[in-house]
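Hi,

Here is the structure I promised to pass on. Have a look at it first, and then read on for what turned up.

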Amino acid sequence: MVEPMMEVEDLTKHFPVKGGLLGTQTIGHVRAVDGVSFTIGEGETLALVGESGCGKTTTARLILGLWKPTRGSVSLDGRDIHALDSQHRHWYRTSVQAVFQDPWASLSPRMRVRDIVAETLVVNRRVSRQEVRESVAATLKKVGMEPWHGDLFPHEFSGGQRQRIALGSALITEPRLIVLDEPVSALDVSVRAQVINLLKDLQNELGTSYLLISHDLETVRYVAHRIAVMYMGQIVESGTAEQVFANPQHPYTRALFDSILPSHPKHRRSGPIIHGELQSPIDPPAGCRFRARCPHAMDICTHTPPTRESEPGHIAVCHLDGPNIAKIPRLERNPI
């Protein structure tokens, strides 16, 4: 098993909902993230998957230190990142970086590429101009670009090239972990594979860990070592990529996988479909939060929070046992 580098324990973020005559009374809380725990090892990719609004991006913001949690902790090498002093915050900012979804919005149009790539290094470390020039040139080569590209502006590049620039900006400080928030969803299909292969090559070369936030299950299966499935701010299933894809143990995970369009028109859906819409995260009810949309809900689901470990390292938060899970029909097609 990979030694944990980052540990997330009982991570919780509740946003107050204001109401009343003057809008100053707290009438409830949006439980965006509610008791999430996981680890990320050296050189490992953990994927967080789920519907929009399930809490994936909020989790990423908490890990990046952009928001403080309501409860719980995020630790890198045993240090709680939300309790760091200013000196160690610089250390954390160089150790954990991010690449965001839209390469057209994440790069400043007024800065040259060399300044964009160098910014994290210059802000967080004391380096000479010569060191900056050498680091920028080396980093651009790592992401498949040439040093002279640093003289240009972001608008002079395609979407795939801009995402390479964003990746270079994250890589220049040699981070331990990069948070990838939907890194290829805004790109054309023709360039997605190039960026995904680049991410894998860089991980093999540098040993960088990734936290991949994605709803693209094909990308997740190709890149991730482990998967955590989120629903309404909680992780409902987690395990290795092989375990989760080969034998999903939660009805939501099965429905999520089977919601992908079949690869061939002759293949028909026979598995479960996720009925209804995601419920409001404001003061959700006790028990299983998926029960209102689950065709296999039982009485116990209404009042008792479920938990179950189906095999070592493979956890499904569901009252259904393995044999009953296996009876749930799957989509009639080859596994994705």
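Let me begin with the aromatic rings: there are six aromatic pairs in this structure, which, keep in mind, is a predicted model. One of the pairs brings together Phe15 and Trp67, in an edge-to-face arrangement with 5.3 Å centre to centre and 80° between the planes. That pair ties together distant parts of the chain, since Phe15 sits in strand E1 and Trp67 in the loop between H1 and E4, 52 residues apart.

Next, the sheet. You'll find an open sheet of four strands, ordered E2-E1-E4-E5, and the pairing is antiparallel. At the edges are strand E2 (25–41) and strand E5 (79–80), each of which pairs on one side only.

Going through some of the pairings:

- E1 and E4 run antiparallel and are joined by five bridges. Take Glu9 as an example: its bridge partner in E4 is Ser73.
- E4 (residues 71–76) and E5 also run antiparallel, with two bridges between them. Here Leu76 has Arg79 as its bridge partner in E5.
- The hairpin of E4 and E5 has two residues between the strands, and Asp77 in that hairpin takes a positive phi near 55°.

What packs on the sheet, then? Helix H2 (residues 86–95) does, touching E1, E4 and E5, and its direction makes about 75° with that of E4. Helix H1 (residues 56–63) packs on the sheet as well, where it touches strand E1 (4–19), E2 and E4; the direction of H1 makes about 115° with that of E1.

If you want to pick out the residues involved, H5 contributes Gly160, Gln163, Arg164, Leu167 and Leu171 to the contact, while H6 contributes Val191, Gln194, Val195, Leu198, Leu199, Leu202 and Leu206. Sorted by class, the contact of H5 with H6 has eight nonpolar residues, three polar and one charged.

That's what I have for now. Happy browsing!

Note on methods
Residues numbered from 1 in each chain as written. Predicted model: local features only at pLDDT ≥ 70, side-chain atom pairs only at ≥ 80, totals over all residues. Heavy atoms only, no water. Contact = heavy atoms within 4.5 Å. Nonpolar A, V, L, I, M, F, W, Y, C, P; charged D, E, K, R; others polar. Pairing = 2+ DSSP bridges. Axes fitted to C-alpha atoms, helices over the stretch in contact; angles between N-to-C directions. Phe/Tyr/Trp six-rings, centres within 6.5 Å; stacked < 30°, edge-to-face > 60°.
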